[in-house]
Amino acid sequence: MAVLTVRNLPDEVRDRLRERAARAGHSMEAEVRDILVRASVEPERRKSAAVLRERIKQFYGPNLPRNVVDDFIAERRREAERE
């Protein structure tokens, strides 16, 4: 595991991190570690979401559903009326 030293961190930032860690029930070190881990994964998530959007566009083409939930509810209501 790596060790990281952050120099010249403003006192206000340190204080906010300490408060955030206390609210979460973590040590300040654990809170900062969690923030850094999540920040390092975020670009991958954005890339994954972009890839997924592109695949959906390719799959549906011009017939991309807009209101899937509304369409599903309407379909269920039509089925209920037929029963």
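Welcome to a predicted model, in which local features need pLDDT of at least 70 and side-chain atom pairs count only at pLDDT 80 or more, while totals for chains, interfaces and linings use all residues. Residues are numbered from 1 along each chain as its sequence is written, and side-chain values use heavy atoms, with hydrogens and water left out.

Let's begin with the whole chain. Its elements run α-α-α from the N terminus, giving three helices and zero strands (DSSP runs: H or I of at least four residues for helices, E of at least two for strands). The radius of gyration, taken over C-alpha atoms, is 23 Å, well over the 12 Å that the globule rule gives for 83 residues, so the chain is more spread out than a compact globule. That rule is 2.2 Å times the number of residues to the power 0.38. Along the principal axes, the C-alpha atoms fill a box of roughly 65 × 30 × 25 Å.

Buried residues make up 4% of the 83, where buried means under 20% relative accessible area with a 1.4 Å probe, counting protein chains only.

Glu31 counts as buried because its relative accessibility is 4%. Leaving aside residues up to four places away in sequence, Glu31 touches Leu17, Arg20, Ala21, Ala24 and His26.

How values were computed
Buried means under 20% relative accessible area, exposed over 50%, partly exposed in between (1.4 Å probe, protein chains only). Contact means heavy atoms within 4.5 Å.
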